[in-house]
Amino acid sequence: MVSVKNLKEFAELAGVSTATASRALTGSGRVSDDTRKRIAALAEKLGYQPNIAARNLRTQRTMTIGVLVPLGHEALQHLSDPFFNTMTGFLADAFAEHGYDMLLSRVLPRNDRWMDRFIGSGRVDGIVVVGQSDQFHVIETVSRRYEPMVVWGGHSPGQHHCSIGSDNRLGGRLAAMHLIERGCRRIAYAGPVEGSEFGERVDGARLALLEAGMAPLLELPTHFEPDAAYADVREKLGELAKMPDGIVAGSDVTAISVIRALRDLGQRVPDDVRVIGYDGLPIGEHMSPPLTTIDQQLRHGAELLTKTLLRRIGGEETQSSQIEPHVIVRGST
């Protein structure tokens, strides 16, 4: 069997350039399917494995993207949360399409330098931050000295860091309008209220009720973590003299806790109380009843985050963008 010492020798045997051989073997860049299959078959036959570390040293790239989930707002929350599971899964898929691996980390910020150990580690080519949490000021500061970073979150006037996210104010407004259209007249919001994303959802719901000339929104702040959110909602609903007939939940996970609490209180969904979530998570389809929700289009968001970050890694300037949310109507309303 022919012994191949390096990529140059392998490319000569394959009858292609070293660049084409590298792209075919690593799954990055554009190579025809026929060429990729032929080169893969030859590599298997010869037992050739490209030296990825050497390539990365040569190109000054790690082909890895860091995904940071800051949880300064809620230490109880974990990456097993269905939202983070879904979003990071979509990101991993999108990165793989471009030949990148993912380094995932849950961060509990203890000071303003929590991003520095990732930026200075040499382990990643860029960073996606999932959620602004209560760390908006830190993200703003870092973005002024570190360019290959994109954030999943809201956009504020004058914001410096590049963010991709749904229009949260519009989403909150659509959620409340949907309940109004379903005949609800006593509408509450249940969920987190801290941070720009959730704050905007509450603002949007308030606006819809104001525009409809209805009583102000009843606000029931909760934790993020499902069991804690359930306890919050169960207690606050139980103290009310009159039950709301419609509830906007700040997230799909919170909506699940709301439905659980309502059932414990003898309320039927949607007969007695209509409930709408926010996120568009796949888990909502499998609820009983299936969950009406505001769809953030998370898969599309992950693709936009990836493409935008790769442009920034390449030295391009990029702008923040918002995804228009829409209502998915199911059985809970």
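This is a predicted model: local features need pLDDT of at least 70, side-chain atom pairs count only at pLDDT 80 or more; totals for chains, interfaces and linings use all residues.
Ile294 belongs to strand E10, which covers residues 292-295, and E10 pairs with strand E12 (residues 326-328) in the antiparallel sense over three bridges. E10 also pairs with strand E9 (residues 274-279), here in the parallel sense and over four bridges. In a regular strand, side chains alternate between the two faces of the sheet. In E10, Thr292 and Ile294 point one way while Thr293 and Asp295 point the other way, and all of them are buried.

Asp295 in E10 is the bridge partner of Asp279, a residue that lies in strand E9. Most residues other than glycine have a negative phi, and most peptide bonds are trans. Asp279, although not a glycine, has a positive phi of about 155 degrees; its relative accessible area is 3%, so it counts as buried. Gln297, also not a glycine, has a positive phi of about 60 degrees, and its place is in the loop between E10 and helix H12 (298-313). Because its relative accessible area is 26%, Gln297 counts as partly exposed.

Val269 and Pro270 are joined by a cis peptide bond with omega of about 10 degrees, and Pro270 sits in the loop between helix H11 (252-264) and E9. Ser288 and Pro289 are likewise joined by a cis peptide bond, with omega of about 0 degrees, and Pro289 is found in the loop between E9 and E10.

Another part of the model is an open sheet of six strands with parallel pairing, in the order E2-E1-E3-E4-E5-E11. Strand E2 (101-107) and strand E11 (321-323) each have a single partner strand, so they stand at the edges and one side of each is left without a neighbour in the sheet. On average, and with direction ignored, neighbouring strands of this sheet are turned by 20 degrees against each other. Within the sheet, strand E4 (residues 149-152) and strand E5 (residues 163-166) run parallel and are joined by two bridges, and Trp152 has Ile164 in E5 as its bridge partner.

Thr62 is found in the loop between helix H4 (52-59) and strand E1 (64-70), and it counts as partly exposed because its relative accessible area is 21%, with the cut-off for buried set at under 20%. Thr62 and Val124 are 62 residues apart in sequence, yet their C-alpha atoms are 5.8 Å apart in space.

Helix H3 (residues 33-46) has 14 residues and spans 20 Å from its first C-alpha to its last, close to the 20 Å expected at 1.5 Å a residue. Its buried residues are Thr35, Ile39, Ala43 and Leu46. These cover an arc of only 75 degrees around the axis, which means that they lie on the same side of H3. The face turned away from that buried side carries the exposed residues Asp33, Asp34, Lys37, Glu44 and Lys45. H3 is followed by Gly47, whose phi is positive, near 70 degrees.

The cysteines deserve a last look. Cys162 counts as buried because its relative accessibility is 3%, and Cys184 counts as buried because its relative accessibility is 1%. With a disulfide taken as a pair of cysteine sulfur atoms within 2.5 Å, the count of disulfides comes to zero.

How values were computed: Residues are numbered from 1 along each chain as its sequence is written. Side-chain values use heavy atoms; hydrogens and water are left out. The expected span of a helix is 1.5 Å times one less than its number of residues. Buried means under 20% relative accessible area, exposed over 50%, partly exposed in between (1.4 Å probe, protein chains only). The arc is that of the directions from the helix axis to the C-beta atoms. Two strands pair if DSSP finds at least two bridges between them. Axes are lines fitted to C-alpha atoms, for helices over the stretch in contact, and angles run from 0 to 180 degrees between N-to-C directions.
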